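Subject: Structure for you to look at

Hello,

Here is the structure I said I would pass on. Please open it first, then read the notes below it.

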Amino acid sequence: MDEIFGIPAPLLFGQLLLGLINGAFYAMLSLGLAVIFGLLNIINFTHGAQFMMGAFAAWMLLNWVGLNYWVALILVPIIIGATGVLMEWLMIRRLYKLDHLYGLLLTFGIGLIVEGLFRNEFGSSGLPYQIPPQLSGAWDLGFMFLPVYRGWVVAFALVICLATWIVIEKTRLGAYLRAATENASLVQAFGINVPRMVTLTYGAGVGLAALAGVLAAPIYSVNPQMGSNLIIVVFAVVVIGGMGSILGSVITGFGLGVVEGLTKVFWPEASATVIFVIMAIVLLARPAGLFGRA
Amino acid sequence: MASQNTAAVPTLPEERTAAQGAFGFTKPQFLTFLLLLAFLVGAPFAGLYPVFLMKLLCFGLFACAFNLLIGYVGLLSFGHAAYFGMGGYIAGHMAKVVGLSPELAILAGGAVAAGLGAVFGWIAIRRQGIYFAMITLALAQMVYFFCVQAPFTGGEDGIQAIPRGKLFGLIDLSPDLSMYWVVAAVFLIGFLLIHRIVHSPFGQVMKAIRENEPRATSLGYRTDDYKLVAFILSSALAGVAGATKSLVFGIATLTDVHWAMSGEVVLMTLVGGLGTVFGPVVGAAVIVTMQNYLAEMGAWVTVIQGGIFVACVLAFRRGILGEIAARLRVKL
């Protein structure tokens, strides 16, 4: 049990776990992107910056206000989600009648502003965020040590993804949302306030990104660039999965995280590019994405 | 940019009758072109620093190449840094390690960028709109990681001390002014080539695809082939621009393949005016000048660039030249 395929077992399981954690972030972020894209028809390029804002907000709450991780987990998505609502209300809604690419350019610009402001204030080096005491330590699973916090991130992300799926697929609110995705004007004709729903959906997607940011704060160092590097990979994940299905983005996110982790074991040099290569292959074989509708 | 409701047909006759001046320029365009020529010839004597001018021309050509896609085919490539940066690396490697003369090094940079563009374009044109932008961005990020690791790029250090060499093995380019004329010539050739492409029958089909792709398909055009050729041409010229830049500065680094560079070229084109002939050059001039003056402000440059993006998209979508042209009721 010490070696699997000539690889030391602890290394293999360690990278698998890291892959699952990265996958958890891919899944949560691509989920938010898919929800926003479904209703607003824009790709939210600010998503990475909003993920970073989530991590910073958790750090600020702890160091400036003295509110701990658990409070941040609830407060941060609400606060950052509110900034998203404001952003939609002030800017994004002016673009719905234009080509969708303008939405991409606008959110890219806002992302640059946010990242620049945080870099001015906090510099480029990372800030540490302590793992909450309840989640520190590690479990001995026999074949490996599992740091409690890492297990928590994977489990919590799964719960959030499942909850999002239930809200969208099984509740009345979700039914409105899916109906508006198919045909917004018809839903509006039935007396539902679609513009408000669009605003709140954007806020919810942004909140999801911020929540992922809080989860990430104790794992990665909190720094202004943490989102922009991640978001490009998430774009590739979204292209691979196709934005048609919620469950599809979750499975794709976790799956690609694991693939990336395994690549780190077997061919480390390729680990940074493997997801992009998979994207190219998927595009050649199935242009609509694994779970997408053509 | 694509507005799907406007039919392509009504714009065509007007353009055909208007394209009567020299080089297929309309009269206002020809006057602007003369102005540009006068600037190219006069600027180094008017006390402007040649290296700054060369930087401006390299980015101007880069933005024009990018505009060929977004302005005339309606494709937003968010990964043009890959071709720009790779052109720079190849030219640097060819000039420094292989010892090619500068004109061959630049051509090699353009050729490799074209090859890269052929592969990436072939993959990316399978999807449209927003997906196309995301795919090109992701593929460019792949090139970035490749350049971080590949031995010939020098990783974080980049390729340094690239010699400018002797043009055709005869003319020494180390004086800035000699190099300037070469860069100006490269820019002019690229600029006129793009103009020629746009005003060819091929260019008309490109515009038809921009206005209404299903309709172009139904007219019997294999739109994917047209898009791919346009993509290759655009990436080749972006590579030439990057190659020229690396010879000017004697250095090729990761900055030029980074996604931020892809964003910058979008910004230049947007500021100058999407789909205008001279807009990208003006936009490049504005952004490069701004970066030069604000260089010591660090991250504020990013904030200001983001602000310009937001302002352009919300209030100023035609860009500088687009706005001027609309006021004067001409095409520029």
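Which residue forms a salt bridge with B:Arg210? The partner is B:Glu211, and the closest N and O atoms of the pair are 3.0 Å apart. B:Arg210 counts as buried because its relative accessible area is 16%, under the 20% limit. B:Glu211 is buried as well, at 12% relative accessibility.

Please keep in mind that this is a predicted model. The values in this email are computed from it.

Salt bridges

Side chains of opposite charge can pair when their charged atoms come close. Over all chains, the count comes to eight salt bridges. The bridge between B:Arg210 and B:Glu211 is one of them, and two others are described here.

In chain B, the side chains of B:Arg164 and B:Asp176 meet in a salt bridge, with 2.9 Å from N to O. This pair links distant parts of the chain, its two residues being twelve residues apart. B:Arg164 sits in the loop between helix H6 (129-149) and strand E1 (166-167) of chain B, while B:Asp176 belongs to helix H7 (residues 176-198) of chain B. B:Arg164 is buried, with 14% relative accessibility, whereas B:Asp176 is partly exposed at 26%.

In chain A, A:Glu88 and A:Arg93 form a salt bridge, and their closest N and O atoms are 3.4 Å apart. A:Glu88 has a relative accessible area of 0%, so this residue is buried. A:Arg93 is partly exposed, at 32%.

Nonpolar patch

Helix H4 (81-98) and helix H5 (102-124) of chain B each supply at least two residues of the patch. B:Leu107 lies in helix H5 of chain B. Its relative accessible area is 56%, so B:Leu107 is exposed.

Spans from the UniProt record

For chain A, an unreviewed UniProt entry lists several stretches under "transmembrane region", including residues 42-62 and 68-89. In the model, residues 42-62 of chain A are 76% helix and 0% strand, and the end C-alpha atoms of this span lie 33 Å apart. Residues 68-89 of chain A are 95% helix and 0% strand, with 31 Å between the end C-alpha atoms.

Regards

Technical notes
Residues are numbered from 1 along each chain as its sequence is written. Chains are lettered from A and ligands numbered from 1 in the order in which they are written. This is a predicted model: local features need pLDDT of at least 70, side-chain atom pairs count only at pLDDT 80 or more; totals for chains, interfaces and linings use all residues. Side-chain values use heavy atoms; hydrogens and water are left out. Helices (H or I, at least four residues) and strands (E, at least two) are DSSP runs, numbered from the N terminus. Buried means under 20% relative accessible area, exposed over 50%, partly exposed in between (1.4 Å probe, protein chains only). A salt bridge is a side-chain nitrogen of Lys or Arg within 4 Å of a carboxyl oxygen of Asp or Glu. UniProt positions are given in the numbering used here, feature names are shortened, and annotations may be inferred rather than shown by experiment.
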